[in-house]
Amino acid sequence: MSESYAAAGVDTGQADAAVDALVGVLRTIELDRPSVSVLPNGHYASVLRVAPNLGIAVSTDGVGSKIVVAEQADRLETVGIDCIAMNVNDLVCVGAEPIAMLDYLAVEQADPQALARIALGLKVGAQTAGIEIPGGELAVLPELIRGHPSPHGFDLCGTALGTVALDAIVTGAEAQPGDAIVGLPSSGLHSNGYTLARRTLLEEGGLALDDRPARLEGRSVADALLEPTVIYVRAVLDLLRSDIAVNLLRLGGERLGFAIEEPLPVPAVCTLVAELGDVPTSEMWDVFNMGCGFVAIVPEARAADAVALLGTRHPGTARIGTVTGDGGRLSAPGL
């Protein structure tokens, strides 16, 4: 369990148990037809069989408490990018090409100007990912949604769809010890760990959103916290369409381990969180991306090719480690 995260209000152990309880019930759904689910639970996206050798990949996610920062800073134009990114980046993990996303926007009040600002981010994210937003849902829920400040609260989630050939689904099953781990750089915290980051920086650290601590090299706290999540779709699709055999892994499970030998540079905002919150290195690696926003596992002999191809769209991409046979173990400097 992440102790600092739990102190900030997010008990990851309890959350894992809650997910297990939820999934445990959903697994007992009985159908009067054969199941169309192709992948077991545990992957970033689900795949449904819809025709011979054709699957629809589905992913759903939201922006989380990064929205609190957007409300407090009155910067609503980028969180839509985060919503798109958190969904489409999951789809490409199973080898799918994203095609569309439906958004769900719950608001405390229906403010046309605020909604238009949020939509700007959705538009930019959709164009970056190459997807459509053919529809969605707006729910006005003043009894449920409370803003920071009120009455400007909202929550933003999405469900994205992609297509994938059933014989081309990426599961990571073919990855082997000795394969190379290629890391694509993140832009910052992306959209994870914001409950801990906000508590550490704004409460314990005493910083304001417009403060510019030396560690951030001229950027404000709001600038760092609201940097949009990177959308990796086009680069990963380039890799999947190349002749470089690639496996994108969610979990090594009992079979594989991962040795991070040369991590990507850690974003300054991560360092600031660790310093002001006295967060242990192991917990930082558990909660935050620590500079690596996406990982591709490729044969060692093709590592340089993969780095070159991915680096075209994401400069700073590098070989960061090696797949090991030490099942379930992640090792990295400082851990």
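Asp74 is partly exposed, with a relative accessible area of 48%. On this scale, buried means under 20% relative accessible area, exposed means over 50%, and partly exposed is in between, with a 1.4 Å probe and protein chains only. A word on the source: this is a predicted model, where local features need pLDDT of at least 70, side-chain atom pairs count only at pLDDT 80 or more, and totals for chains, interfaces and linings use all residues. Residues are numbered from 1 along each chain as its sequence is written, and side-chain values use heavy atoms, with hydrogens and water left out.

Back to Asp74. What does Arg117 form with Asp74? A salt bridge, with the closest N and O atoms 3.1 Å apart. The term means a side-chain nitrogen of Lys or Arg within 4 Å of a carboxyl oxygen of Asp or Glu. Side chains of opposite charge can pair when their charged atoms come close.

A search of the whole structure gives 16 salt bridges. Take the Arg117 and Asp74 pair again. Arg117 sits in helix 5, and Asp74 in the loop between helix 3 (66-73) and helix 4 (79-92); these are distant parts of the chain, 43 residues apart. Helices here are DSSP runs of H or I with at least four residues, strands are E runs of at least two, and both are numbered from the N terminus. Arg117 has 23% relative accessibility, so Arg117 counts as partly exposed.

Next pair. Glu97 and Arg241 meet through their side chains in a salt bridge, 3.1 Å from N to O. Glu97 is in strand 3 (residues 97-107) and Arg241 in helix 8, 144 residues apart. Glu97 is partly exposed at 35% relative accessible area. Arg241, at 56%, counts as exposed.

Now Asp238 and Arg313. Their salt bridge is 2.7 Å, N to O. Asp238 lies in helix 8 and Arg313 in helix 11 (residues 303-313), so the pair ties together parts 75 residues apart in sequence. Asp238 is partly exposed at 26% relative accessibility. Arg313 is partly exposed too, at 42%. Which residues do shared partners join into one network? Asp74, Glu77 and Arg117.

Arg117 also takes us to a pocket. Arg117 is among the residues nearest the centre of the second largest pocket, along with Leu76, Asp111, Ala114 and His152. The lining has 16 residues. Helix 5 (residues 112-129) gives the most, with 5 residues. The volume is about 260 Å³. A pocket is an open set of points on a 1 Å grid over the protein atoms alone, where a 1.4 Å probe fits, with protein on both sides within 12 Å along at least five of seven lines; lining residues have an atom within 4 Å of a point. Points are joined across faces, edges and corners, and the volume is the space filled by probe spheres set on them.

On to aromatics. The structure holds 1 aromatic pair. The rings of Tyr232 and Phe294 have centres 5.5 Å apart and planes at 45°, so the pair is tilted. Rings of Phe, Tyr and Trp (its six-membered ring) pair if their centres lie within 6.5 Å; planes under 30 degrees apart are stacked, over 60 edge-to-face, the rest tilted. Buried or exposed? Tyr232 and Phe294 are both buried.

Last, Val279. Val279 lies in the loop between helix 9 (268-277) and helix 10 (281-287). Val279 is buried, at 8% relative accessible area.
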